[in-house]
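I opened a notebook for this structure and went through it one topic at a time. The entries below follow the order in which I looked things up.

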Amino acid sequence: MAGIYIHIPFCTKACHYCNFHFSTSTHHIERMVAAIVQEINTLPFPAQDIDKNIETIYFGGGTPSVLNNEQLQSILNACYEKFLVTENAEITLEANPDDITRERLKGWRQLGFNRLSIGVQSFADSDLKWMNRAHNSATAADCIAMAYEERFEHLTIDLIYGTPTLSNEQLLINLKTAVNLGINHISCYALTVEENTALDYFIKKGKIAPVNEEVQDEHFHIMRQYLTDNGFEHYEISNFAKPGHRSRHNSNYWSGRPYYGFGPSAHSFNGDKMRWWNIANNVLYMDGIEKYQPVYEVENLTQEERINEIIMTGLRTTDGLHIDEANNKIGAYKTTPEAFLTFISTLRSYITEGKIIYKNNTAIINSEHRFLSDGIASDLFLSYD
Amino acid sequence: MKQLRNFCIIAHIDHGKSTLADRLLQTTNTVGERQMMDQVLDDMDLEREKGITIKSKAIQLNYNYTGSDANYTGNRKYTINLIDTPGHVDFSYEVSRALAACEGALLLVDAAQGIQAQTISNLYLALENDLEIIPVINKIDMPGAMIEEVEDQIIELIGCKREDILHASGRTGLGVERILESVIERIPAPVGDPEAPLQALIFDSVFNSFRGIIVYFRIVNGSLKKNDKVRFIAAGKDYIADEVGILKMRPEARDSVQCGDVGYIITGIKNAKEVKVGDTITLTANQGELINGFEEVKPMVFAGIYPVETDQFEELRDCMEKLQLNDASLTFELETSQALGFGFRCGFLGMLHMEIIQERLEREFDQTVITTVPNVSFKAITTKGENLVISNPSEMPEQQRLEEISEPFIRAQIITKPEYIGNIMTLCIGKRGIIINQGYLTPTRVELIFELPLTEIVFDFYDKLKSQTRGYASFDYHPIDYRTSDIAKMDILLNGDKVDALSALIHRSRAHDFGRKLCEKLKDLLPRQQFMIAIQAAIGAKIVARETISAMRKDVTAKCYGGDISRKRKLLEKQKEGKKRMRQIGNVEVPQEAFLAVLKLDD
Ligand SMILES: Nc1nc2c(ncn2[C@@H]2O[C@H](COP(=O)(O)OP(=O)(O)O)[C@@H](O)[C@H]2O)c(=O)[nH]1
Ligand code: SF4
């Protein structure tokens, strides 16, 4: 089983913190859709031999909801023709609140989308304005209610915390609003200042206060507490779900299943040791595809790199890192016994410190310390030269 | 010997010594343009960039004297040796030996800059050696040339007549011929007894990877032939003169070198340590005396040098040994540090020398090193009456065992414009200096003499002096004596663990201030870790300063967007790599920069 990711690289407005690949000039949409369809039809070389059974399709971006129904349809059709999409596949569309109308919801439903990911980010106007989002808080609440009415019961929203404009109280209001609206999956992201974003620039210029780690940490704990109290499972660093509502598509990323990525900047993985990704430039992508030239860059992972990925992704989730499984699958001990033993002893000290919980051969970062997971994962990485 | 002249050029950095020297070579047809290029390329690139001549060299010019006297009937063919001198205070002993090999010196002064402190101190060295001084105002082509004012300064300084001062421009060649004529007319020919036992003064040496050490000397008495059995008197070693010769653009072998001349000798010596500047070469069979003025070079500043990665120690040792082959003034011995592992305790002539060594390690040997807090060497007397020399904080006895400790003082000479006197006073007094004298050289030029503890100029004195005077100050110093002082050892503790590499020997009155600054700096440089870090500065058990770094709260990137696992893995690998390069002190990871913190303290 594999997944498909489609990257729609257009947004109507640039959010200050965003470093995703997108363009705000939308006059290339038609040509882009054609290029993506063509990429699916021809399949890039590394993708030829991967499992064609598809259980998730995810339209991300950018803002996929800027596409009209015909455009979405043509991409979906290409997927159905080229792949074997299973009966109960999860088919997700990312949508921004300002694009959501009853009519569009009905249309998406008809096209076969059964899950919506709504970029709410916050229910506070001051916050939304600070982020330069295109919608306001009232729109956000309204569109969620509407989506439920249109039978999108698998609905997830994005929230951003740790912005200077977000108080603890407002964070709780955001969470409460979401819970009261009946949402059963929430992705919560700590505001991250990425290089070369407007936010980065404003902070460097001293126009905006730098992100405060302590506040973010506090928010993280408030959120974790509130959501787990309300029946959510904190199944991945940034993801909370009611039982049965985890995102199947994203879970594939962590569990190491193969996925195809189409569209500029989209990433793919063959499920073994090869990753490739498309160029993050709309015009170069379209030109290349139209001329049947490769638009991707390939990375062949070494054994150690693959092991490190497994460590990293495993530790992000509550499913954790299955030591034996990882070892059997990859042969970590066999290939690099010394490095593996170092790994084990580092692991042991984290277990003693209580930062990692270890049971049934599985290492899970204690959810309280998940805010430090990068440091922990990198400590556990096998070192090799 | 009548047709021979030996001279050197005394000049402050940038006053145009190299340019003028090049001109002299051209004018006497010693080099063609092509060779000039090669010469430039041959030079150690470090030397070029620092703008100072690190290693003194010598070159022989042939000059046809036509003179002002049309009826001149004497022999017109002269041989002139130009001996180059290093231009920085750290190397003043080497300068004095180069001067001792000459009968005269050009005192070269930039027409726009006037006389600087270093010019003066080198001039004094020249006068001590009884050299004939020919003052030359250089760069007279410059629009800012203040010829008359500089003449006044020179007259004031050496008491010569205005007519004795030459004017020249190394750049345009103006006055260069006149300089050569004056060298012949005014500088005496060497005197010496060709029949006496050989006495040749070593003024420099260079390392050649094929030939070993090439030793430069000036014959004072006697002569030296190829295959002579020679003795280096102070070193107490005998060698065979495998090759002797004179110094043209390249060394040129000869059967012998005559009395009064400058030349080189190759004996197959591989280690620069055996060749001591100021030593005398004589014949084993017919021995002369050691020429006066020889001194063992003594390192003034000490610091630890460690490899960045502990497993690179052997490689570093190799490089240090190679470096020492051509820099005998560098001393080092094995040292271990809990924080940094195996390394070397090194002795340098001064801070500049230390910088040069560090840079040469990096550039010529590709070694990135950690240098620890530099210190001078102190003398201590214990309660039991033992005399100790302390050139490393770890050698400092405990307070109870210490009867008395003394620190080296220097005499510093600073020349500046009158408007900066106030700033310099504040700076030097703040550095525990004592003003000895203040005098006007000219109405726009003041000379200040201070006595200062050497340890105070080790840190940031030069930079401060420069910034306090907008660069209008020149500085020179020489050591004078040791004085009783209240020196203490200050330790830095991270979560209670001592970081030996950050210990420093400082004056007790400085401890609080220095400790506070160091703790603050470390607070900036240490990355947050998963727990809190206490940084303390302590003298004995007494904490003099303290800072804390709160625990890291967030170490996670929220989003793994669209399955971009690679980018994230690489980020974490980089994070791991970064940690690997850090040194572990107790449970605290310390990046290299932290060890250099102390060199970069500011107010
Ligand atoms: N205008 C002018 N500039 C000169 C003259 N001689 C040297 N310079 C410049 O002064 C600077 C220092 O010269 P250099 O010979 O390297 O000085 P050194 O440090 O004393 O060897 C260089 O930029 C030269 O080009 C001169 O006669 N006239
Ligand atoms: S809508 Fe999404 S992709 Fe577009 S700029 Fe905002 S955050 Fe970035």
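This is a predicted model: local features need pLDDT of at least 70, side-chain atom pairs count only at pLDDT 80 or more; totals for chains, interfaces and linings use all residues.

**Entry: Thr346(A)**

I looked up Thr346(A) and found it in helix H14 of chain A, residues 337-353. I checked the pair Thr346(A) and Asp379(A): they are 33 residues apart in sequence, and their C-alpha atoms are 7.3 Å apart in space.

**Entry: a sheet in chain A**

I then traced an open sheet of three strands in chain A, with the order E13-E15-E14 and antiparallel pairing. Strand E13 (321-322) and strand E14 (356-359) of chain A are at the edges with a single partner strand each, so one side of each has no neighbour in the sheet. I followed E14(A) to strand E15 (residues 362-365) of chain A and found four bridges between them, in the antiparallel sense. Within this pairing, Tyr358(A) stands opposite Ala363(A) of E15(A).

**Entry: two helices of chain A**

At what angle do helix H1 and helix H2 of chain A pack? I read an angle of about 5° between H1 (residues 29-42) and H2 (residues 69-82), with the axes 9 Å apart. H1(A) and H2(A) are therefore roughly parallel to each other. On the H1(A) side I listed Ile29(A), Val33(A), Ile36(A), Val37(A), Ile40(A) and Asn41(A) as making the contact. On the H2(A) side I listed Gln71(A), Ser74(A), Ile75(A), Ala78(A), Cys79(A) and Lys82(A). I sorted the residues of this contact into eight nonpolar, three polar and one charged.

**Entry: where chain A meets chain B**

I found 35 residues of chain A and 23 residues of chain B in the contact. Among the elements that give two or more residues to the chain A side are strand E1 (2-8), helix H8 (213-229), helix H11 (303-316) and helix H15 (373-380) of chain A. By class, I put the chain A side at 14 nonpolar, 13 polar and eight charged residues.

**Entry: a sheet in chain B**

In chain B I traced an open sheet of four strands in the order E18-E19-E17-E20, with antiparallel pairing. Strand E18 (331-337) and strand E20 (369-371) of chain B are the edge strands, each with a single partner, so one side of each is left without a neighbour in the sheet. I noted an average twist of 30° from one strand to the next. Strand E17 (residues 301-307) and strand E19 (residues 341-348) of chain B run antiparallel and are joined by five bridges. In this pair, I saw Gly304(B) opposite Arg345(B) of E19(B). Helix H8 (residues 313-326) of chain B packs on the sheet and touches E17, E18, E19 and E20 of chain B. I read its direction as about 20° from that of E19(B).

**Entry: the ligands**

Which residues come nearest to ligand 1? Of the 16 residues around ligand 1, I found these to be Gly16(B), Lys17(B), Ser18(B), Thr19(B) and Arg171(B). Helix H1 (residues 17-27) of chain B gives the largest share of the shell, three residues. I classed the shell as three nonpolar, eight polar and five charged residues.

Around ligand 2 I found residues including Cys11(A), Cys15(A), Phe20(A), Gly61(A) and Asn96(A). The shell around ligand 2 has six nonpolar, five polar and no charged residues.

How values were computed: Residues are numbered from 1 along each chain as its sequence is written. Chains are lettered from A and ligands numbered from 1 in the order in which they are written. Axes are lines fitted to C-alpha atoms, for helices over the stretch in contact, and angles run from 0 to 180 degrees between N-to-C directions. Angles under 35 degrees count as roughly parallel, over 145 as roughly antiparallel, 65 to 115 as roughly perpendicular and the rest as oblique. Two residues are in contact if their C-beta atoms, placed from the backbone, lie within 7 Å. Ala, Val, Leu, Ile, Met, Phe, Trp, Tyr, Cys and Pro count as nonpolar, Asp, Glu, Lys and Arg as charged, and the others, Gly among them, as polar. Two strands pair if DSSP finds at least two bridges between them. A residue is near a molecule or strand if its C-beta atom, placed from the backbone, lies within 6 Å of it.
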